[in-house]
Amino acid sequence: MDTTFYYEIPVIDKVLTINTPVFNDYAYVRIETNKSYTLKKCADLKIVRRETTDVSLIFNKQKNDTIFYSDRWDDVILLDKKHIYKKVRWYDDRFYVKDNKTKRYYIRNNFIEVVIKDNATFVVYQSNKLFRVLKPLSCAQPK
């Protein structure tokens with residue numbers, strides 16, 4: 001059976017849906033408004049599931065009509081036909097600032113970041129130097 005997890009993305013009123021078909025090396029990702037999250041047959045992104053999965057989704061807090069994404073290992077296949085996704089470099093300096101003391105990258109104030117990690121089973125949210133693991137809203141197993 002497929003497994004589907006829904007993650008509410010704080011601040012921007014969106015829900016990240018991750019569908020992982022059984023016996024499949026891919027996860028299917030969709031971003032929808034918080035008011036209408038239902039699993040649809042079409043997905044926005046197809047992600048290769050590996051232990052090293054590391055896909056970053058970047059949203060502007062005020063104007064979130066474009067979703068920027070980067071993936072460290074070229075694990076993403078873009079399926080979106082609405083042209084709202086734009087690929088950017090990993091740690092693109094338009095979105096990140098590097099702390100010289102710690103050598104860590106933080107998302108800039110106008111943006112939030114959602115990172116899909118570890119076989120597409122772990123989701124981390126970053127805003128204003130705060131990191132938080134997102135827990136699924138619910139789990140559904142479609143027939």
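Mentor: We shall take a strand and its partners, and then a pocket, in this predicted model.

Trainee: Is strand S2 (residues 14-20) enclosed or open, and why?

Mentor: The general idea is that side chains in a regular strand alternate between the two faces of the sheet. In this case, 7 of the 7 residues of S2 are buried, so the strand is largely enclosed by the rest of the structure. One side carries Lys 14, Leu 16, Ile 18 and Thr 20, the other Val 15, Thr 17 and Asn 19, and both faces are covered.

Trainee: Which strands pair with S2, and in what sense?

Mentor: Strand S1 (residues 3-9) pairs with S2 in the antiparallel sense over 7 bridges; Tyr 7, for example, has Leu 16 as its bridge partner. Strand S3 (residues 26-33) is also antiparallel to S2, over 6 bridges, and there Lys 14 is partnered by Thr 33.

Trainee: What is found in the turns of these hairpins?

Mentor: Between S1 and S2 lie 4 residues, and Val 11 takes a positive phi near 80°. Between S2 and S3 lie 5 residues, and Phe 23 in the turn has a positive phi of about 55°.

Trainee: What is the volume of the largest pocket, and which residues line it?

Mentor: Its volume is about 230 Å³. Among the lining residues are Asp 54, Arg 72, Trp 90, Glu 113 and Phe 131. The lining divides into 6 nonpolar, 1 polar and 5 charged residues. Strand S11 gives the largest share, 3 residues.

Terms used. Residues numbered from 1 in each chain as written. Predicted model: local features only at pLDDT ≥ 70, side-chain atom pairs only at ≥ 80, totals over all residues. Heavy atoms only, no water. 1 Å grid on protein atoms, 1.4 Å probe; cavity = no way out; pocket = protein on both sides within 12 Å on 5 of 7 lines; lining within 4 Å. Points joined across faces, edges and corners; volume = space filled by probe spheres on them. Helix = DSSP H or I, 4+ residues; strand = E, 2+ residues; numbered from the N terminus. Nonpolar A, V, L, I, M, F, W, Y, C, P; charged D, E, K, R; others polar. Buried < 20%, exposed > 50% of the residue type's maximum accessible area, 1.4 Å probe, protein only. Pairing = 2+ DSSP bridges.
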